[in-house]
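Reader: I have a model open and want to learn to read it. Can you take me through it feature by feature?

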Amino acid sequence: MTGFRKWLLVWALGGFMVAGAGAAKAEEGDAMLDVSQAERFARLALDCVHREYPNKIAHVLHSDADALPPSQLTPIFYGCYDWHSAVHGHWLLVRLMRLYPDAPIAAEARAALERNFTDDAAAVEAAYMAGEGRASFERPYGLAWLLQLTAELRAFDDADAQRWAETLRPLEEVAVRRYLEWLPNLVYPVRSGTHNQTAFGFALALDWARQTGHGELEALLVEKTREFHLADVNCPLAYEPSGEDFLSPCLMQADLMRRVMGRSEFSDWLAAFMPQIPDDGSADWIRPGVVLDPTDGKLVHLDGFNLSRAWNLEAIAARLPEGEARIASLLASAAEHREAGVASVSDEHYEGSHWLASFATYLVTGKALEAILPE
């Protein structure tokens, strides 16, 4: 890790650092995370991974026999309001168990994962994913989070985690197969700010492919990323956010492109793609999204938008050459979005509590900075 990247990780974790007993050391850098913050995030996931209702499913029925409750259709990922939120809720628990193996909540998280990650449940879940009429099921967003979950399990030096990774292998294989079947036929990127966005799905899938050594998927993702975005210029940043965004179309694309370019090439590409980035250290070139009604499940997306933008900005800054003039403004804007995003994570309204902690965990544990990048 470069000195700058180590410094950036410490900066990115700022506000969640403590010294002394009760702190757990993150795997990257020397930052110490606040255990109470991690426990708060874990509690939000634990409160929903076995909560079946309310539940919003995208389910193709072929007959009356397909009219079943979520826990029978997908017996692992049936909680947290929808399938993909359940997936990244499980990822959150694995991530924080890995970073905080001795935290008080770790035992409860382990028990919750043990309850869900069974061979019988995985067989039903994989069969559902691979079923007729479901070629686009949770593609790419939910599939990307599933790969992120299995990658986290694989990287966790823990006997239970390794066993769970094997249990989830049939689901992982379905997700990879869906990507491999889809990408050759995908002629255009999806530039939305919600679940169908290809930049986010590509980024997390590419991280999985590189971590696991899946050369075929990595090559296809890199090829499509460069095909879709190499010539892009002047991203309309002023159009963001749309009223229901939780992903930034512009910044998430830049976060993806840093994964397929060296520092110098990325720096040049970014200058053409996002010329709005100032070099004076100011933060007001973009502003966090505003949520007036956190009980509205669509409007509350903007809280997630602030969290994902924050990790995008930090990751983009980390990929630029050290000393680059734009870094200060990227980090200043990241700090504003981080503050707004983390402040929104609470248990007050289920519309946000069932998923925002996963985004916050991805941000404050520096997950984006762990991506394997080209030289």
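Reader: Let's start with packing. Which residues does Met274 touch, leaving out those up to four places away in sequence?

Author: This is a predicted model. Contact here means heavy atoms within 4.5 Å. Met274 touches Leu237, Cys250, Leu251, Ala254 and Trp285.

Reader: Which residues have the most contacts inside the largest nonpolar core?

Author: A core is built from buried residues joined through their side chains. The largest one here has 119 residues. Phe77, Leu149, Tyr179 and Met274 have the most contacts inside it. Helix H4 gives the most to this core, with ten residues.

Reader: Cys250 was on the Met274 list. What is Cys250 joined to?

Author: First the general idea. A disulfide is a covalent bond between the sulfur atoms of two cysteines. In this model, Cys250 is joined to Cys235, with an S to S distance of 1.9 Å. The angle about the S-S bond is -90 degrees, and the link is left-handed. Cys235 sits in the loop between helix H11 (215-229) and helix H12 (249-257). Cys250 is in helix H12 itself.

Reader: Are Cys235 and Cys250 buried or exposed?

Author: Look at relative accessible area; under 20% counts as buried. Cys235 has 9%, so Cys235 is buried. Cys250 has 2%, so Cys250 is buried as well.

Reader: How many disulfides are there by this rule?

Author: The count comes to two. Cys48 and Cys80 are also joined, S to S 2.0 Å. That link is right-handed, with 70 degrees about the S-S bond. Cys48 lies in the loop between helix H2 (35-46) and helix H3 (70-73), and Cys80 in the loop between H3 and helix H4 (83-99), so the pair ties together parts that are 32 residues apart in sequence. Both Cys48 and Cys80 are buried.

Reader: Which pattern do the disulfides of the chain follow?

Author: Number the bonded cysteines along the chain, then write down the partners. Here the pattern is 1-2, 3-4.

Reader: What lies 3.0 Å from a polar atom of the Asp158 side chain?

Author: For a polar contact, look for N or O atoms within 3.5 Å. Here the backbone nitrogen of Asp160 lies 3.0 Å from a polar side-chain atom of Asp158.

Terms used: Residues are numbered from 1 along each chain as its sequence is written. This is a predicted model: local features need pLDDT of at least 70, side-chain atom pairs count only at pLDDT 80 or more; totals for chains, interfaces and linings use all residues. Side-chain values use heavy atoms; hydrogens and water are left out. A disulfide is a pair of cysteine sulfur atoms within 2.5 Å. Helices (H or I, at least four residues) and strands (E, at least two) are DSSP runs, numbered from the N terminus. Buried means under 20% relative accessible area, exposed over 50%, partly exposed in between (1.4 Å probe, protein chains only). A polar contact is a pair of N or O atoms within 3.5 Å; within protein, one must be able to donate a hydrogen and the other to accept it, and residues adjacent in sequence count only if both atoms are side-chain atoms. A nonpolar core is a set of buried Ala, Val, Leu, Ile, Met, Phe, Trp, Tyr and Cys residues joined through side-chain atoms within 4.5 Å.
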